[in-house]
Amino acid sequence: VHNWLSIPLCAMYVASLAGNSLILWVVWSEPALHQPMYYFLSMLAVTDLGLSASMLPTMLPFYMLGLRQVAADTCLDQLFFIHTFSIMESSVLLTMAVDRFVAISKPLSYKAILTSSRVASLGLASVVRSVGLHVPAPIMLKRLPYCQNRLLSHSYCLHPDVMKLACADTHVNSAYGLFVVLSTLGVDSVLLVLSYGLILQTVLSIASSAERLKALNTCVSHGCAVLLFYTPMIGLSMIHRFGSGTSPSSRVLLSYLHFLTPPVLNPVVYTMKTKQIRLRLLRFFW
């Protein structure tokens, strides 16, 4: 069955590569799109490309060629990049929510607040936070002794999965992993909810119903991207904590949805909901 599963997986990789590359090309080639909103969209496309590329070295050989082994160093490198790009995507989604709040609440001073230098600083902060927090994880894992039975749960390496294979006390590793999750995904999710609460409060204060709909419409694509990223992750965490009787296949499926679906669907959502990108692509293909 792995040979058949490799077909949709390859299609998802090709779709992710093509869609996110097109987004980057459109933003770069269209001067009218050289604005903070589209710079953040370019950052999201880069993180999606990085997340897809991080999973590629083990997933496709596993499903297409039946290669069921991975070198230890390759595994540690892979889990570092997967977790780094995942946290980076969460950071970019948060900055995009802030961008939408500024655009709706202070439209006249939008460009003065979100200058190119501030956008670059936000992007650099996302990279530094993601990389800095995940550098210690593979170093700590490499120092652990491992048992003979080294069977991973997924076709790619994740920090909790590799940590379970150790034949030593992993409380420090587990505590550090929990700290990273709470200080990144936990904080980001709370700030995202707060940002959308402020956005709704601002939108409801607008007198005209047409203007309210127009303001909310600018947040639809970003809201879809947030749901695509966070919904499988929340479901996976609930299953890990409360679904002791669930099959391992459901956990694997949710993990695939969490890591593979956003890079494929984000370009589709933004192309459908962003008029400037849609018109530029139609003009190019026409």
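Me: I'd like to begin with a single residue. In which helix is the place of T184?

Reply: T184 sits in helix α8. Keep in mind as we go that this is a predicted model.

Me: Is T184 buried or exposed?

Reply: The general idea is to look at the relative accessible area, where anything under 20% counts as buried. T184 has a relative accessible area of 0%, so it is buried.

Me: And which residues is T184 in contact with, leaving aside its neighbours within four places in sequence?

Reply: With those neighbours set aside, T184 contacts I87, R129 and L133. S255 belongs to helix α10 and is buried at a relative accessible area of 1%. Beyond four places in sequence, S255 touches H154, Y156, L158 and L236.

Me: Let's zoom out. How many helices and strands does the protein chain have?

Reply: The secondary structure comes to eleven helices and zero strands. Read along the sequence, the pattern is therefore simply α-α-α-α-α-α-α-α-α-α-α.

Me: How compact is the protein chain, going by its radius of gyration?

Reply: The idea is to set the radius of gyration beside what a globule rule gives for that length. Here the radius of gyration is 20 Å, close to the 19 Å that the rule gives for 286 residues, so the chain is as compact as a globular protein of that length. The C-alpha atoms fill a box of roughly 65 × 45 × 40 Å along the principal axes. Of the 286 residues, 44% count as buried. Among contacts between residues at least 6 apart in sequence, 77% join residues at least 24 apart.

Me: Which residues does the UniProt annotation "transmembrane region" cover?

Reply: According to the unreviewed UniProt entry, that annotation covers residues 6-27, 39-60, 80-98, 175-199, 220-240 and 252-272. Residues 39-60 are 100% helix and 0% strand, with their end C-alpha atoms 31 Å apart. Residues 175-199 are also 100% helix and 0% strand, and their end C-alpha atoms lie 35 Å apart.

Me: How many residues are in the largest nonpolar core, and which have the most contacts inside it?

Reply: A nonpolar core is a set of buried nonpolar residues joined through side-chain atoms within 4.5 Å. The largest one has 31 residues, and those with the most contacts inside it are Y38, L41, L44, L93, M96, Y230 and I277. The elements giving two or more residues to this core are α1, α2, α3 (72-105), α8 (171-204), α9 (209-242) and α11. The largest share, eight residues, comes from α3. Take L44 as an example: beyond four places in sequence, L44 touches E89, V92, L93, M96, N266 and Y270. Apart from this core lies another, of 16 residues, among them L51, M59, M88 and L158.

Me: Last topic, the aromatic rings. How many aromatic pairs are there?

Reply: A pair of aromatic rings is described by the distance of the centres and the angle of the planes. The count here comes to eight aromatic pairs. In one of them, the rings of F62 and Y63 have centres 4.9 Å apart and planes at 80°, so the pair is edge-to-face. F62 is buried at 15% relative accessibility, and Y63 is buried with a relative accessible area of 7%. The rings of F80 and F81 have centres 5.1 Å apart and planes at 75°, so this pair is edge-to-face. F80 counts as buried at 15% relative accessibility, whereas F81 is partly exposed at 40%.

Me: Which residues do ring pairs link into a cluster?

Reply: The cluster consists of F62, Y63, Y156, Y256 and F259.

Note on methods: Residues are numbered from 1 along each chain as its sequence is written. This is a predicted model: local features need pLDDT of at least 70, side-chain atom pairs count only at pLDDT 80 or more; totals for chains, interfaces and linings use all residues. Side-chain values use heavy atoms; hydrogens and water are left out. Rings of Phe, Tyr and Trp (its six-membered ring) pair if their centres lie within 6.5 Å; planes under 30 degrees apart count as stacked, over 60 as edge-to-face and the rest as tilted. Buried means under 20% relative accessible area, exposed over 50%, partly exposed in between (1.4 Å probe, protein chains only). Helices (H or I, at least four residues) and strands (E, at least two) are DSSP runs, numbered from the N terminus. Contact means heavy atoms within 4.5 Å. UniProt positions are given in the numbering used here, feature names are shortened, and annotations may be inferred rather than shown by experiment. The radius of gyration is taken over C-alpha atoms; the globule rule is 2.2 Å times the number of residues to the power 0.38.
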